[in-house]
Amino acid sequence: MKKILILILPLLLSSCIETIAVTGFGSAYLMTRTKPVKHSLTDVKITAKLTKEIKYGKEKKLYKKLNFNVYQGRVLLTGRIESQQDLDQLTEKIWSIKGVSELINETSVKSTSKHSTLKDYYIASKIKTKFILDRNIKAFNINVEVYNQNAYLIGNVTNEAAIKIAAKAAAKVRGVKKVVSFLRNS
């Protein structure tokens, strides 16, 4: 039972819309995505390992202002960290996880800027809602991470036009300062 809870907990704590939906809807949901089930399972494993390391590891205090998102082995790291040495150490740990194919580092080192988590969650939910309501965007293939009112998009879309549509839609959400897109044409 404890092992099952350890596996499910990262899914519930992740900001990844996919893993929350997988938990809620089961494997039938996975079949509706353009992302292969194999990639989804790899992402869940990576997410679990990152959650264990970042949120619950012995150095969790170093990483308490960091967030991550995983899509097809690509890890998007956002937030703030105290020192370059801590970031280097974390980067090494991330690359040691089996299945990680790319690390997108959007962190800042010891920033003095104020960060509003509540505002970021609100913006992320508005962007996700906008994506779900737009027929031109396949929302289930895009993960959204917001940090310091900067929106980060990662995932796959059907064509180049959808990349632009998604970025424009995110940019129009009130409170978004900047949109950084790591979307790929699948």
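Predicted model: local features only at pLDDT ≥ 70, side-chain atom pairs only at ≥ 80, totals over all residues.
In strand E6, Lys178 is the bridge partner of Asn150.

Strand E5 covers residues 150-157. E5 and E6 pair in the parallel sense, over 8 bridges. In general, the strands of a sheet are held in pairs by backbone hydrogen bonds, either parallel or antiparallel.

Now take in the whole sheet. It is open and is formed by 3 strands, in the order E4-E5-E6. The pairing across the sheet is mixed. Strand E4 (142-147) and strand E6 (178-185) are the edge strands. Each of these two pairs on one side only. From one strand to the next, the twist averages 10°.

Two helices lie across these strands. Take helix H6, residues 117-133. H6 lies across E4 and E5. Its direction makes an angle of about 155° with E4. Helix H7 spans residues 160-171. H7 lies across E4, E5 and E6. It runs at about 160° to E6.

Is Thr51 buried or exposed? The relative accessible area of Thr51 is 4%. Buried means under 20%, so Thr51 is buried. What lies 2.7 Å from a polar atom of the Thr51 side chain? The backbone oxygen of Thr47 does.

Conventions. Residues numbered from 1 in each chain as written. Heavy atoms only, no water. Pairing = 2+ DSSP bridges. Helix = DSSP H or I, 4+ residues; strand = E, 2+ residues; numbered from the N terminus. Axes fitted to C-alpha atoms, helices over the stretch in contact; angles between N-to-C directions. Contact = heavy atoms within 4.5 Å. Buried < 20%, exposed > 50% of the residue type's maximum accessible area, 1.4 Å probe, protein only. Polar contact = N/O pair within 3.5 Å; in protein donor to acceptor, adjacent residues only side chain to side chain.
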